[in-house]
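The entries follow in the order in which I took them.

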Amino acid sequence: MLIDGYDTLLLDLDGVVYLGSHAVPGAPEALEEAQRRGARLAYVTNNASRTPAAISAHLRELGVPASAEDVVTSAQAAARLIAERVPAGAKVLVVGGSGLRLAVRDRGLRPVSTAAESPVAVVQGIAPGLSYGLLSEGALAVRQGALFVASNADSTMPTGRGELPGNGAMVRVIAHATGVEPIYAGKPDPPLHRESMIRTGARRPLVVGDRLDTDIEGASNAGVESVLVLTGVAAAVDVLTAEPRHRPTYVGEDLGALLVPYPEVRDGACGGWRAEWRDGVLRLEGEGSRIDGLRAACDAAWAVAGEGRVEEDAVKPVLDRVG
């Protein structure tokens, strides 16, 4: 099966394991079986708003096997990044929620809420009800010279209601007001992957995600293999037109793909499908599962694109069959 040979699954949460308050169908069962077969499960999220204990409690409510030690957040990565640059016990202005404040405190730093307290750093992460007042304090502190760190750069986050503004969108308030760009701790930048490796002790991890520009690019940056699942943000057209840093090692419908052998994909063929280019347009012939058709089409599209990417119009003819 696909997970054979990997010691740890580094799993994204939003769009992979759950959508808002509901589990992705089949996800709890797939993860329970993966754990039973010896895989270490680590839940790696760019969302810095909640503590690992709160996240793991939510996962258990959904039937997903998890403890607080299994959760790695961008808040933890951001706090480590800051702690490595400032003195122990230094004041850090937290523009975010309880998950970020706890992570800062756990690193031996002192979370504060106003620029008047002369913080040496500002850390920002998404949180419900993030106020104009707190954003203003962050901007004042950055203008005074504080180090500016952001938990992640996600412009949106998937929920059961659709895609909502993410931390990357909110960070633009302070960045635009001050002209200072933050250091990012979350995927696809290295700090969160480093945090995951330190906390899990993984030697051969497999990254599992739903976003090309965070999960898959983060895996590419770290030089590790990845699985894209189609239960969240990325759609068939996105993966077909992906540039090299956004191309996953594997593509699956959902987490169930981890528990079956991955089919051979070669020369634009997979299962009962064959993809080929005709007059500059990608065509797909055959029959079988939709996901095998997408795998065949991706192989053909990426072979032609090389270090670039194919245009959306060129792959439209296959979308009715795999999209």
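**Sheet and helices**

I began with the sheet, an open one in which 3 strands follow the order β16-β17-β18 with antiparallel pairing; strands (E, at least two residues) and helices (H or I, at least four) are DSSP runs numbered from the N terminus, and two strands pair if DSSP finds at least two bridges between them. β16 (269–270) and β18 (281–286) are the edge strands, each pairing on one side only. The model is a predicted one, in which local features need pLDDT of at least 70 and side-chain atom pairs count only at pLDDT 80 or more, while totals for chains, interfaces and linings use all residues. Residues are numbered from 1 along each chain as its sequence is written, and side-chain values use heavy atoms, with hydrogens and water left out.

I then followed β16 to β17 (residues 273–278), to which it is joined by 2 bridges in an antiparallel run, and noted that Ala-269 stands opposite Arg-274 in β17. Next I looked up the helices: α10 (residues 290–305) lies across β16, β17 and β18 and runs at about 35° to β17, the angle being taken from 0 to 180 degrees between N-to-C directions of axes fitted to C-alpha atoms, for helices over the stretch in contact. Helix α11 (residues 312–322) also packs on the sheet, where it touches β17 and β18 and makes about 30° with the direction of β18.

**Cavities**

I searched for cavities (sets of points on a 1 Å grid over the protein atoms alone where a 1.4 Å probe fits but cannot get out, lining residues having an atom within 4 Å of a point), and the count came to 3 of 30 Å³ or more. A volume here is the space filled by probe spheres set on the points, which are joined across faces, edges and corners.

The largest cavity holds about 170 Å³, and of its 18 lining residues Asp-14, Asn-46, Asn-47, Asp-154 and Met-157 are the closest to its centre. β10 gives the most to this lining, with 3 residues.

For the second largest cavity I recorded about 120 Å³ and 14 lining residues, with Leu-10, Val-44, Lys-187, His-193 and Val-207 nearest its centre. Here α8 gives the most, with 3 residues.

**Thr-214**

Which residues does Thr-214 contact, leaving aside its neighbours within four places in sequence? I found Asn-46, Asp-154, Lys-187 and Pro-188, contact meaning heavy atoms within 4.5 Å. Thr-214 lies in helix α8 and is buried at a relative accessible area of 5%, where buried means under 20% (1.4 Å probe, protein chains only).

Note on methods
On a 1 Å grid over the protein atoms alone, a cavity is a set of points where a 1.4 Å probe fits but cannot get out, and a pocket is an open set with protein on both sides within 12 Å along at least five of seven lines; lining residues have an atom within 4 Å of a point. Buried means under 20% relative accessible area, exposed over 50%, partly exposed in between (1.4 Å probe, protein chains only).
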